[in-house]
Amino acid sequence: MIKVLICFALFGLLASATSSSAADNARTVVIYDGRSTDVSASAEPSKDLWITMDDLKRATGFVVKPQGVCRDELCFPLPAKRKDEFILKKGKATWFNLTAFATLVKQPVARDEKNGTWYFGKREDERGTYLASLEAPNFTLPDISGKMHSLADYRGKKVLLITWASW
Amino acid sequence: MPGWQKFYHDLNDKNFEIISIAQDTGGVKDAGQWITAAKPEYTALIDDKHVVTQLYNMVNVPTAVWINEKGMIVRPNEVAYVDNRYKAMHGIDAGPYLDAIRDWVANGDRSVFVMKEKEVKERLNPPSSDRTMADAEFALAEYLYKNGHGDDAIPHFKEAQRLDPENWNYKRQAWALSDAEKNYGTSFMKEVQKLNGKPYYAPRKLPQKP
C-alpha cells in the first residue's frame, strides 16, 4: 500500500514537473505602460500576439466595447470591415490580437521570441503631447531612499532638470 | 554632483530647485554612491527605466531643461556642465551657462536666456518613428537584463542603437552593462575617436547679455 502511495506521489511530482516546464515554455509576458503581466497567449502559430479578453483587461486596462477598444474615456474604434483581424472566437474563448491593435494605434512593439516577452511602447496619441503646449511632461521617480517625487510637485518654482549617469 | 550642490547652496533661492535624475539601469546600485557622496540639498532622483530620456527625447548626458514656475519649458534640452573637468574632450565651457542660470533665477521669465515660445517650439521635434521603435527595443532590453537574461538583452540593445545611432544614452548604458569590446566590438573612447572633430554634444547657443 505504501509502495502504491509512493508511486502515485512520484507520478504526481513528475506530472506536475512536466506540466510546469510546459507552462514555462509557453510563458508569455506583456509589458504595457511599463508594467509586466503574465498572459496566456494563443498556442497557434502566429507572428501576432493573440490574448484572451480577460488578459487584455488585466495587462492593458483596455476592454472591447461596441464602440471600440476602450479604457476610461479613451476609445479606438475597430475598422468595421476588418474586425476578424482583431477578434477571434474559438470554442469558449474570445481572443484579441494585441499586435494588430498596436499597428492600428501606431504603437511600437519589440519582441523577444526566446523569452516570450512583448514590449508595447508609447502609442501615437501619447507621444510628444507637450510639443504644442510646451508644458514639461510630468514624471514620478524615487530618490535614493525610495521616496517618490513628481515634477508636478515643484509647480511654483523654477526647476533646472538635469540628467546624468554613472556610466 | 558636488559641483551642482555648491552651485545650488550658493544660490540659496527658495523658488529655485534642481532636480537631477540618474539615467541608470542599475538604479541605486550604480548611481547611489555618487548621490551619497555629494549630499545634495536639491532633489536627486533615480530613473532605472530611462523614463526621462524617452519622455524628453534626450540623447546624451548631462542634458538640462529649464522649467518655469508655471511648469512650462523655457529652455529645452541642452548640454549642462557645472565645471570644466571634461572640457578637453567636448570643448564646452561651463561658466557662461552657470551665469545664465543665475540670471534666470534672479530675473525669471524676463531673463534674456529664457526663450520665446516660438524658439522653444522650433528646437523641439516630435520623436521620429525610428526613435520611438528604439525606445521600445531599449526598454525591452532593460527588462530582459534586469530579469537575468543579460545575453538575450544584447541584440535588443544593438537594435535600439541601430535605429537611433546618435543616441549616446542608448549606446553608453548598454556598453556599461556588458563587456563592450567583446559584445559590441567597440568602446566609448573608440566611438569618440570616430567622431573625428564632429562635436560630441549639439552646440549650445547662449545669447549675449546686453
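## A covered helix in chain B

The buried residues of α9(B) pack against β1, α3, α7 (129-146), α8 (150-163), α10 (180-184) and α11 (188-195) of chain B; here helices (H or I, at least four residues) and strands (E, at least two) are DSSP runs, numbered from the N terminus. Helix α9, residues 168-176 of chain B, is mostly covered, with seven of its nine residues buried, and these are B:Trp168, B:Asn169, B:Tyr170, B:Lys171, B:Gln173, B:Ala174 and B:Trp175. A residue is called buried if 20 or more other C-beta atoms lie within 10 Å of its own, exposed if 12 or fewer, and partly exposed in between, with the C-beta atoms placed from the backbone.

The structure is a predicted model, in which local features need pLDDT of at least 70 and side-chain atom pairs count only at pLDDT 80 or more, whereas totals for chains, interfaces and linings use all residues. Residues are numbered from 1 along each chain as its sequence is written, and chains are lettered from A and ligands numbered from 1 in the order in which they are written.

## The two domains of chain B

Chain B is assigned a domain 1 (2-123) and a domain 2 (129-195), with bounds that come from an automatic or database domain assignment. The C-alpha centres of domain 1 of chain B and domain 2 of chain B are 24 Å apart.

Between them, 12 residues of domain 1 of chain B are in contact with 13 residues of domain 2 of chain B, two residues being in contact if their C-beta atoms, placed from the backbone, lie within 7 Å. On the side of domain 1 of chain B that touches domain 2 of chain B, four residues are nonpolar, seven are polar and one is charged. In this classification Ala, Val, Leu, Ile, Met, Phe, Trp, Tyr, Cys and Pro count as nonpolar, Asp, Glu, Lys and Arg as charged, and the others, Gly among them, as polar.

## Where chain A meets chain B

The contact between the chains takes 41 residues from chain A and 66 residues from chain B. On the side of chain A that touches chain B, the elements that give two or more residues are β9 (109-112), β10 (117-120), β11 (140-142) and β13 (158-164) of chain A, and β13(A) gives the most, with seven residues. By class, this side of chain A has 22 nonpolar, 10 polar and nine charged residues.

Strand β13(A) also pairs with strand β1 (residues 16-23) of chain B, in the parallel sense and over seven bridges; two strands pair if DSSP finds at least two bridges between them. Within this pairing, A:Trp164 has B:Ala22 of β1(B) as its bridge partner. Apart from its neighbours within four places in sequence, A:Ile162 is in contact with B:Ile18, B:Ser20, B:Pro62, B:Ala64 and B:Ala80.

## Nonpolar cores

A nonpolar core is a set of buried Ala, Val, Leu, Ile, Met, Phe, Trp, Tyr and Cys residues joined through C-beta atoms within 7 Å. The largest has 39 residues, of which A:Leu160, A:Leu161, A:Ile162, B:Ile19, B:Val65 and B:Ile67 touch the most other members. Two or more residues of this core come from each of β13 of chain A and, in chain B, α1 (2-11), β1, β2 (43-47), α3 (51-55), β3 (63-67), β4 (73-79) and α5 (94-107), and the largest share, five residues, belongs to β13(A). A second, separate core of 37 residues includes A:Phe96, A:Tyr119, A:Phe120 and B:Tyr143.

## Sheets of chain A

The secondary structure of chain A comes to four helices and 13 strands, and buried residues make up 25% of its 167 residues. One open sheet has three strands in the order β3-β8-β7 (chain A), with antiparallel pairing; its edge strands, each of which pairs on one side only, are β3 (50-52) and β7 (87-90) of chain A. Strand β7(A) pairs with β8 (residues 93-97) of chain A in the antiparallel sense over four bridges, and A:Ile87 has A:Phe96 as its bridge partner in β8(A). Helix α2 (residues 53-60) of chain A lies across β3 and β8 of chain A and runs at about 95° to β3(A), where axes are lines fitted to C-alpha atoms, for helices over the stretch in contact, and angles run from 0 to 180 degrees between N-to-C directions.

Another open sheet of three strands has the order β4-β5-β6 (chain A), and its pairing is antiparallel. Its edge strands are β4 (63-65) and β6 (74-76) of chain A. Strand β4(A) is joined by three bridges to the antiparallel strand β5 (residues 68-71) of chain A, in which A:Cys70 stands opposite A:Val63.
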